[in-house]
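Dear colleague,

Please keep it open while you read.

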Amino acid sequence: MEKVTRLVSQRAVVIFSKSTCCMSHTIKTLFYDLGVNPSVHELDEDRSGKEIEKALVRLGCSPSVPAVFISGELVGGANEVMTLHLSGDLVPLLKQAGAIWL
């Protein structure tokens, strides 16, 4: 849990992902298209990936990836991010976090 806390405090947007997950790819693409430069942690390519994945589940991520944090706070997975985006609430949240400057 400490590692997750440390990682999410280092950047405005942090995404925990798996390189083989299509929903993770979709969420990363959305953020890149919005001009965000997130810190992406591919759990299937990280030695601590299993440990991080267990911590994400304990935090309430189900499924464990993609897991998106903005300003150190868990936003959620693909459903939550897409809901924020479609409602028009994602971009203001990213601006407030300093992740984009539109």
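In this predicted model, the largest nonpolar core has 16 residues, of which Phe-31 and Leu-94 touch the most other members. The elements that give two or more residues to this core are strand E1 (13–17), helix H2 (22–33), strand E3 (67–70), helix H4 (78–87) and helix H5 (90–97), and H2 gives the most, with three residues. If residues up to four places away in sequence are not counted, Phe-31 touches Val-13, Ile-15, Val-36, Pro-38, Val-68, Ile-70, Val-81, Leu-90 and Leu-94. There is also a second, separate core of 14 residues, which includes Val-8, Val-14, Cys-21 and Ala-55.

The next residue to look at is His-41, which is found in strand E2 (residues 39–42). His-41 has a relative accessible area of 16% and therefore counts as buried, since the cut-off for that term is under 20%. The side chain of His-41 makes a polar contact, at 3.1 Å, with the side chain of Ser-39. Leaving aside residues up to four places away in sequence, His-41 touches Leu-7, Val-14, Ile-15, Phe-16 and Ser-17.

Finally, Arg-6 lies in helix H1 (residues 2–8) and, with a relative accessibility of 43%, counts as partly exposed. Although Arg-6 and Gly-72 are 66 residues apart along the chain, their C-alpha atoms are separated by 9.1 Å.

With kind regards

Conventions
Residues are numbered from 1 along each chain as its sequence is written. This is a predicted model: local features need pLDDT of at least 70, side-chain atom pairs count only at pLDDT 80 or more; totals for chains, interfaces and linings use all residues. Side-chain values use heavy atoms; hydrogens and water are left out. Helices (H or I, at least four residues) and strands (E, at least two) are DSSP runs, numbered from the N terminus. Buried means under 20% relative accessible area, exposed over 50%, partly exposed in between (1.4 Å probe, protein chains only). A polar contact is a pair of N or O atoms within 3.5 Å; within protein, one must be able to donate a hydrogen and the other to accept it, and residues adjacent in sequence count only if both atoms are side-chain atoms. Contact means heavy atoms within 4.5 Å. A nonpolar core is a set of buried Ala, Val, Leu, Ile, Met, Phe, Trp, Tyr and Cys residues joined through side-chain atoms within 4.5 Å.
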